[in-house]
Structure formats: structure tokens, C-alpha cells
Amino acid sequence: MRKTLLAVVCLAALSLAPVAGFAQGQNAQQEKSAEPAAPVLDGKTLDPPHTSATFWIRHIVAPVAGRFDATSGVIDIPIKDPAKGHVAFTVQTKSVDTGVAARDKHLNTPEFLDSANYPEMKFASERIVAAGKGVYTVTGKLTIKDVTKTVSIPVKYLGAKPNPMMPCVDASGYEAHLSLNRLEYHVGTGKYFKMGAVGDMVDIRLAGETLAKRPGCVKGE
């Protein structure tokens with residue numbers, strides 16, 4: 001496997017204000033354009049329309065979910081020498097989407113994400129180690145708001161297949177799961193956690209695809 005999904009975003013999983021709600025997720029920080037940008041075929045850049053950062057957090061009793069719509073990143077993990085690989089991921093905090101406008105507005109305030117002062121969450125790998133068949137442990141620095149921590153994220157390579165919509169192009173897939181304590185990153189003051197309205201732990205799922213030209217392939221043959 002040549003690459004790995006950047007967990008960074010993971011942290012995207014940040015918290016949910018004390019209201020229930022959910023929405024599906026996909027990348028698009030800017031307003032959706034009628035003419036989407038051409039896909040990058042370098043085998044490293046995550047394809048925005050097919051990359052997602054979703055999260056779940058407890059609200060009183062049951063978990064509720066949300067997503068971040070604007071993410072970007074690269075995954076480059078040489079199969080024979082993963083230690084030489086690199087993973088980087090960025091999430092635009094203002095793109096948080098839980099399906100409830102009032103809650104999203106609350107999450108963007110200084111009490112939670114403070115997107116005006118901290119517009120991005122970032123992850124950059126420092127070490128990549130094979131951890132089993134198609135699985136890699138990606139360790140690096142994760143920055144959310146004014147906190148930077150070293151985290152290790154298990155990333156699974158899902159394989160590669162020809163893209164049926166794009167001749168001579170292969171798609172590779174990745175996914176990662178992790179849990180984070182949002183309060184350790186100053187996402188929330190702890191007020192809602194103490195009253196039992198919102199949990200402190202956030203479960204995160206990242207998934208995405210990269211696209212690459214197939215060597216030696218000639219369109220139409």
C-alpha cells in the first residue's frame with residue numbers, strides 16, 4: 001500500500017452543542033460550484049468529493065452525529081518503505097455541519113471551535129509504521145485551537161480499483177477511526193459535560209480516495 005488516510009481531521013470530531021441533529025458529510029468549504037475543479041491524478045491528493053470527516057458524540061443518552069464539509073490532504077505511503085511516507089490533513093472549522101443551524105452557529109463561537117480565531121485544524125505525520133496487513137499507524141502532530149498534541153492514528157488501506165467513470169485512472173481508498181477528548185483541545189469549557197448534556201469523548205471516522213493515472217494505459221484501447 002502506498003498511502004494512508006490522514007486522521008488529522010479526525011479531530012474534526014469535536015463536540016456538539018446541547019441539541020440533537022445530524023447531517024451527511026462531504027468536502028466543500030466554499031459554496032458549491034456548478035463547475036467543480038478537475039480532480040488531481042497524482043495518487044497522493046485526497047479527492048474532495050470522495051473524502052469525509054464525520055463524528056459522533058453523546059447528547060444526554062444517545063449519540064448524535066455531524067461532519068466537516070471542507071477538508072483537504074495528501075497521503076503518500078510507499079508500500080516497501082512506509083517510513084518514508086507523509087500524511088497531512090486540514091479541516092476548515094467553519095464548515096462544521098450537524099444539520100441544525102442554531103447548533104452549528106453555537107459550535108463556531110469561542111465557547112467551542114472559535115472558527116473566527118482558529119479557522120483550521122491540522123495534522124502532519126512524523127512517523128508511519130506498518131501495523132498489519134493493509135494497516136498503518138500514523139503518528140504526528142494534531143493542532144486544534146491553541147493546543148497541539150502528538151497522536152497516533154490507525155489507518156486502513158482499502159485497496160485500489162479502476163475508476164469506472166474515468167478511463168485509465170485508478171482509485172485507492174483509506175479509512176481511519178479514533179476517539180478524542182474534546183476538552184483536552186479546549187473545544188468546550190466543560191459546562192455542558194458537567195451538567196450531563198454533552199459528552200467529552202468524540203468518535204471520529206475518516207474516509208477518502210486518491211486518484212492516479214494507470215501506467216501504460218491508453219484510452220480507447
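**Close-up 1. Asp69 in the loop between β3 (62–68) and β4 (71–76).** Strands (E, at least two residues) and helices (H or I, at least four residues) are DSSP runs, numbered from the N terminus. This is a predicted model, in which local features need pLDDT of at least 70, side-chain atom pairs count only at pLDDT 80 or more, and totals for chains, interfaces and linings use all residues. Residues are numbered from 1 along each chain as its sequence is written, and side-chain values use heavy atoms, with hydrogens and water left out. Asp69 has a relative accessibility of 12% and therefore counts as buried (buried is under 20% relative accessible area, exposed is over 50%, and partly exposed is in between, with a 1.4 Å probe and protein chains only). The side chains of Asp69 and Arg67 are joined by a polar contact of 2.3 Å. A polar contact is a pair of N or O atoms within 3.5 Å; within protein, one must be able to donate a hydrogen and the other to accept it, and residues adjacent in sequence count only if both atoms are side-chain atoms.

**Close-up 2. Positive phi at Asp114 and at His186.** Most residues other than glycine have a negative phi. The phi of Asp114 is near 50 degrees, and that of His186 is about 65 degrees. Asp114 is in the loop between α1 (101–107) and β7 (120–130), and is buried at a relative accessible area of 9%. His186 is in the loop between β10 (169–181) and α2 (191–194); at 39% relative accessibility, His186 is partly exposed.

**Close-up 3. The largest nonpolar core, with 38 residues.** A nonpolar core is a set of buried Ala, Val, Leu, Ile, Met, Phe, Trp, Tyr and Cys residues joined through side-chain atoms within 4.5 Å. Phe68, Val87, Phe123, Leu142, Ile153, Tyr185 and Ile204 have the most contacts inside this core. At least two core residues come from each of β2 (52–59), β3, β5 (86–92), β7, β8 (135–144), β9 (147–162), β10 and β11 (198–213). In soluble globular proteins, nonpolar side chains tend to be buried together.

**Close-up 4. The one disulfide of the structure.** A disulfide is a pair of cysteine sulfur atoms within 2.5 Å. Here the sulfur atoms of Cys168 and Cys217 are 2.0 Å apart. The link is left-handed, with -65 degrees about the S-S bond. Cys168 lies in the loop between β9 and β10 and Cys217 in the segment after β11, so the pair ties together parts that are 49 residues apart in sequence. Cys168 is buried at a relative accessible area of 10%, whereas Cys217 is partly exposed at 29%.
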